[in-house]
Amino acid sequence: MWIERKALAAEIPAAAGLDTRRLCETLAALGFPVDGVAAREGTEALDVDITANRGDAMSHRGLARELAAKLQQPLAPLEASPAVEGAPGIDVRLETPACPVYSTAILELGMGDTPLEVQAFLLALESTPKRLPAVDASNELLHRFGHPTHAFDADRIRGAVAIRWARAGETLTTLDGVTRTLVAQDLVIADASGPIALAGVMGGDGTKVTEATRRVLLESAWFDPKTVRATARRHSLHTDASHRFGRGADPAMAPVARDLLVDRLRAWCGARLMGAWTVGSAPVAGAPVPLTETLLARVAGEPLSLAEAADALRRLGCSVDVETGGLRVIPPTWRHDLSIPEDLAEEVLRLRGYEHIPSVLPPLEGPPEPLSPSYLQRQRLARRLAHLGFHQTVTYGFISPEADVAFAAPGNPAEGRTLVNPLGQEYSVLRGSLLPSLRAAAEQNLRQGAREVRLFELAPTYASAPQGPVERFTLGMAWGGILDGEDYLSPARPVREADLSGIAQELGWDRLPEVRSLGEGLFGFELTVSELPPAEARVIPAFRPFSRFPAVERDLSLLVDLGQAYGALAAAMKAALPLDTLQDLRCVDVFRSKGLPEGRQAWLMRMRFQADRTLVGEEVDGWVAAALAAAESLGAKLRA
Amino acid sequence: MDSMQRQYEEGLLAWWGVILRGSKESDGPGEAMVLREMKKRSADFYNLLPECKDLDSLNRLKGEFVGRDGSHAAKLMDRLKTAPKEQKRDLGAAINGLKQGWEEGLKTRQAELGAAKKDLNALADRWDPSLPPPVPARGALHPLNRLMDRLVEVFRPLGFHVEEGPEVETEAHNFDGLNIPEDHSARASSDTFYLAAHPDLLLRTHTSPVQVRTLLRVAPELGTRGGIRFLAPGRVYRKDEIDPTHSPMFHQVEGMLVGHGIGMQHLKGTLEYALRALFGPHTEIRLRPSYFPFVEPGCEVDVSCPLCGAAGCRVCKGSGWVEILGAGLIHPNVLTYAGIDPTVWSGWAFGMGVERMAMMLSQTPDLRLFFENDQRFLQAMGGLD
Ligand SMILES: [Zn+2]
């Protein structure tokens, strides 16, 4: 919200003595940080950030009130000459408690323009003067005093005026030229012809003040904040008025703002007051809020005297009774945000300054909790993968349905994971797999000229279920491009599926990893983190003895069918070997070439034996022969 | 490579002539068979030779074709034993020529494969340590995860653990339990993503629902466990269009402490400790009044600019302070919702935006870089511990 410095100083003269930096600091210390300062119209405008709970501070007067309380300096008197109220000039009926008070007046306009200094004031606030005194005065009042008012062209009002709920289907063309269909929850000002304004939000086009307007009907009322917020949201019509009524205006200001408006129109264009009157009455002050000494001391972190607290609250406009052990506080009519003792404690601290709050470490009242195994497992996994050369990625949890269907498990329909209001089709489905996102990131890296791309992501994937998507922490990996070859020792080669299988195995994945092709020379694999073996529960695992005698290695070059499954062959060979001495059996090389018999390949199988004694050549020969026999039983042959 | 290939072919031609000549001059069936065999083996050899990508496989090929026992060359020679003398001489010469060709091919291939090795040996004699050595592949943690991990690390000594919750949440956990009014604009579908098949479910807009879940869970045992203190790092979603400062998904770290007699002094004390641990011992913090529905009193917390040491720079806009997080004492309604008596228990909570902090600390100009996952960015920004 823009605040013009001179206008602020007009409300609190002491502010004129503060330089801009000090003024900004003081406002920030009160909870109103200044986002920027702009030089405009020969003055300075401050962009003040007002939190949603402080509708009362959304004006020069409102902020001046805060500064006055903080600086303990007087506010300028509010100079309005109270209009003598008389009989209603037009019948105004309040049909709902959503509008408890409605002050109004009818004036005959004379000749005259909006004063230049008011035009400059509005321009400084980025508001364009309309050069219609009734409109500009209402606007000026809103910014200066925070109370929205409205002027109707009185000659275009038909019959009596009612503040009532709209009838569903009624229409109103608002000042912005948009014709809106109303619902029964919209509060309207209506005349005999129908709605003429959306209460607290925007006036109607049919009764607006123009150059031709001779008589105006002024409105200065109070509307229920919730109703105004709902209507503003329903019609996407967020106005200066709806922001203020929506956060709670000061009902006591209804007649005062009317008087200020009358004064201005008299002064600016010689308007003649035909009549002023108020319908209804401002709601009575809310229930008193207690503030105990104990609660105040607890919140503040140190004992504060009730007298100091009472003084602070009174400076903010509260009426305060000091009782034994506490205060009984009635907040002022403009503060709708003070309803519990903690609210009052905050006010006391705010005026005192948060810089006075002591700094204390909270004592431990019980034993701390360890980090959860699931969290630790993911932390370790991420570190492990980073050390294995993988880059951790962070990608959006939602992807396009097309990308999703290519990788999500068959039993995981996208319908249960689809957003109703996505940013776009490409972000509409909570992903069933991390691989589409990893593929996109990998392809982007390769396009950008990366020689090799090695990515992983640890994030939930979503599985559709009747009660809503189930989230599972998933590890996804993508690997592609050219491996090594960047130094004089290591030869270059393309990344293969097997490289990812090896990583899966390294992480403890004990099943055959289903490595997926993500594109030319790019591979992906994902697993559910909870399916990895949990970290060793023992701090140090139990000792397992190992042999100190030399190991014996033997190779067997086997011709096998191209369709031979390695797992079956290895299992058969292992079964034929003494498990206590066999340390390892693995295929260390594969040959497939034209030199081999049609339909055959050669596997070089390496066996490693070790025992708690020196192994004799003959016994090893016997084992190797047994392993060969086992392989031969599956159709393998010793390669000549 | 081209010259090598030419060499093979020249060798082949030279010895092929011998083989062909031999075949013309002879007519015995044994001789024809041997010649056929030679032709086939030679074709095999020159097919396999370029397939040898390392010395191991080359040695195996060598054993297979020219080894002393059982190799193809040896077997061919064996078959000559029974041949007539004249044939023995001609064919023997042909086979030897063939074998010689193979050996030359092997040698050339070995030279090619061994070139690096040979150079290495030479290098080993006159080792230049400034030559780029082979380095293990280096990955990186994501900078956002790294920052969240660091925050957890900072709070661990104070007895904080990590609580986590789902990203798909109920309105109750995301809004109701946090004292957020029913008509608050954050609940609107213009601000929050909702699920089509489950109108009651949404993507959490902050990590605060983890507070609600955790408080509900520990409420019955709060007395015996002596309060609770935890961090809740995680991903959150808001319906913001993607631009240099907005993302529909981002990260938050929430902190919460519940105990007896907890006030603003404890919030200040904890944050002072944590932010000094994070930014250095000379860091100052500043609390300013602010408003969040789930705390009362509420505050924004500024930290003395870690980039300029509070001297004033572009990041702190010359003020020496940067806003780092929002915090406050837990609103009694939040405790009551979770079944915790606010007249007995009190606490504080804070929440910070991880991207915002990462951008501020690293001077990253565009939020989107964190989600592009360019390895160069990740290497430079995330790295390893
Ligand atoms: Zn700075």
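**Rings and a sheet**

Mentor: Over all chains, the structure holds 22 aromatic pairs. Phe, Tyr and Trp rings (six-membered ring for Trp) pair with centres within 6.5 Å; planes under 30 degrees apart are stacked, over 60 edge-to-face, the rest tilted. This is a predicted model: local features need pLDDT of at least 70, side-chain atom pairs pLDDT 80 or more, while totals for chains, interfaces and linings use all residues. Residues are numbered from 1 along each chain as its sequence is written, chains are lettered from A and ligands numbered from 1 in the order written, and side-chain values use heavy atoms, without hydrogens and water.

Trainee: What is the angle between the planes of A:W509 and A:F525?

Mentor: The two rings form an edge-to-face pair. Their centres are 5.9 Å apart. The angle between the planes is 70°.

Trainee: Is A:F525 buried or exposed?

Mentor: Buried means under 20% relative accessible area, exposed over 50%, partly exposed in between (1.4 Å probe, protein chains only). A:F525 has 2% relative accessibility, so it counts as buried.

Trainee: How many bridges join β5 to β13 of chain A?

Mentor: Strand β5 covers residues 101–108 and β13 residues 215–222, running antiparallel. A:I106 stands opposite A:L217 in β13(A). The number of bridges is eight.

Definitions and conventions: Pairing = 2+ DSSP bridges. Helix = DSSP H or I, 4+ residues; strand = E, 2+ residues; numbered from the N terminus.
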